[in-house]
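I hope they are handy when you go through the fold yourself.

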Amino acid sequence: MLIAVLIMAIGLLGIAALQAAALRNSQSAAERGQAVVQTHTILDSMRANRAAALAGSYNIALTGTAPTASSRITRDQANWITQLKLAMGNSAQGAISCTTALCTITIQWDDSRGSAGSSTEQLVTETRL
């Protein structure tokens with residue numbers, strides 16, 4: 001009887017560890033999904049103001065601080081950075097770089113809680129406007 005209880009206890013501990021890993025990886029997958037959504041959010045704003053985006057007016061270095069000026073472009077950037085932080089945590093940062101019609105959107109966040117995550121996980125998207 002003791003051997004059966006020991007085997008069952010080891011099995012239950014294994015199941016608990018598996019559940020904990022699944023929860024960590026689920027959070028990591030959700031953050032990756034949010035990064036994709038936030039990429040499309042800023043690209044939609046840039047396509048609505050295409051001339052300014054093509055001129056490089058939306059370009060911003062990797063930052064987690066929202067701009068404070070009151071132009072349409074800085075409001076779009078500020079809303080984007082704010083939404084990044086709300087969706088992905090305070091470590092989230094974003095960058096935009098456009099040259100002619102090719103734009104690169106970079107989103108960086110802390111994914112160290114995931115099984116193979118990094119403290120500087122990045123999603124880089126290149127697209128044409």
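1. Let me start inside the sheet: Gly94 stands opposite Ile107 in β3. Helices (H or I, at least four residues) and strands (E, at least two) are DSSP runs, numbered from the N terminus.

2. A word on the basis of these notes. This is a predicted model, in which local features need pLDDT of at least 70 and side-chain atom pairs count only at pLDDT 80 or more, while totals for chains, interfaces and linings use all residues. Residues are numbered from 1 along each chain as its sequence is written, and side-chain values use heavy atoms, with hydrogens and water left out.

3. Next, the overall layout. The protein has 3 helices and 4 strands, and from the N terminus on the elements run α-α-β-α-β-β-β. Its radius of gyration is 21 Å, well over the 14 Å that the globule rule gives for 129 residues, so the protein is more spread out than a compact globule. (That radius is taken over C-alpha atoms, and the rule is 2.2 Å times the number of residues to the power 0.38.) Along the principal axes, the C-alpha trace spans about 75 × 25 × 20 Å.

4. Back to the sheet, which is open, has 4 strands in the order β1-β2-β3-β4, and is paired antiparallel; two strands pair if DSSP finds at least two bridges between them. β1 (60–63) and β4 (121–128) stand at the edges with a single partner strand each, so one side of each is left without a neighbour in the sheet. From one strand to the next, the twist averages 15°.

5. How many bridges join β2 to β3? There are 7, and these two strands run antiparallel; β1 and β2, also antiparallel, are joined by 2 bridges. β2 and β3 form a hairpin with 2 residues between them, and Thr100 in the turn has a positive phi of about 45°. Within this pair, Ile96 stands opposite Ile105 in β3.

6. α1 packs on the sheet and touches β2, β3 and β4, its direction making about 145° with that of β3. Contact here means heavy atoms within 4.5 Å. Axes are lines fitted to C-alpha atoms, for helices over the stretch in contact, and angles run from 0 to 180 degrees between N-to-C directions.

7. Of its 21 residues, Met46, Trp80, Ile96, Ile105 and Ile107 touch the most other members. Two or more residues each come from α1 (2–48), α2 (50–54), α3 (72–88), β2 (93–99) and β3 (102–109), with α3 giving the most, 5 residues.

8. Trp80 deserves a look. Leaving aside neighbours within four places in sequence, its contacts include Gln38, Thr39 and Ile42, as well as Gly94, Ile96, Ile105 and Ile107.

9. Lys85 has its place in helix α3. Is Lys85 buried or partly exposed? Lys85 is partly exposed, with a relative accessible area of 23%; buried means under 20%, exposed over 50%, and partly exposed in between (1.4 Å probe, protein chains only). Not counting residues up to four places away in sequence, Lys85 touches Gly64, Asn90 and Ala92. The C-alpha atoms of Lys85 and Thr65, 20 residues apart along the chain, are separated by 9.6 Å.

10. Finally, of the 129 residues of the protein, 33% count as buried.

Key: Core = buried A, V, L, I, M, F, W, Y, C linked by side-chain atoms within 4.5 Å.
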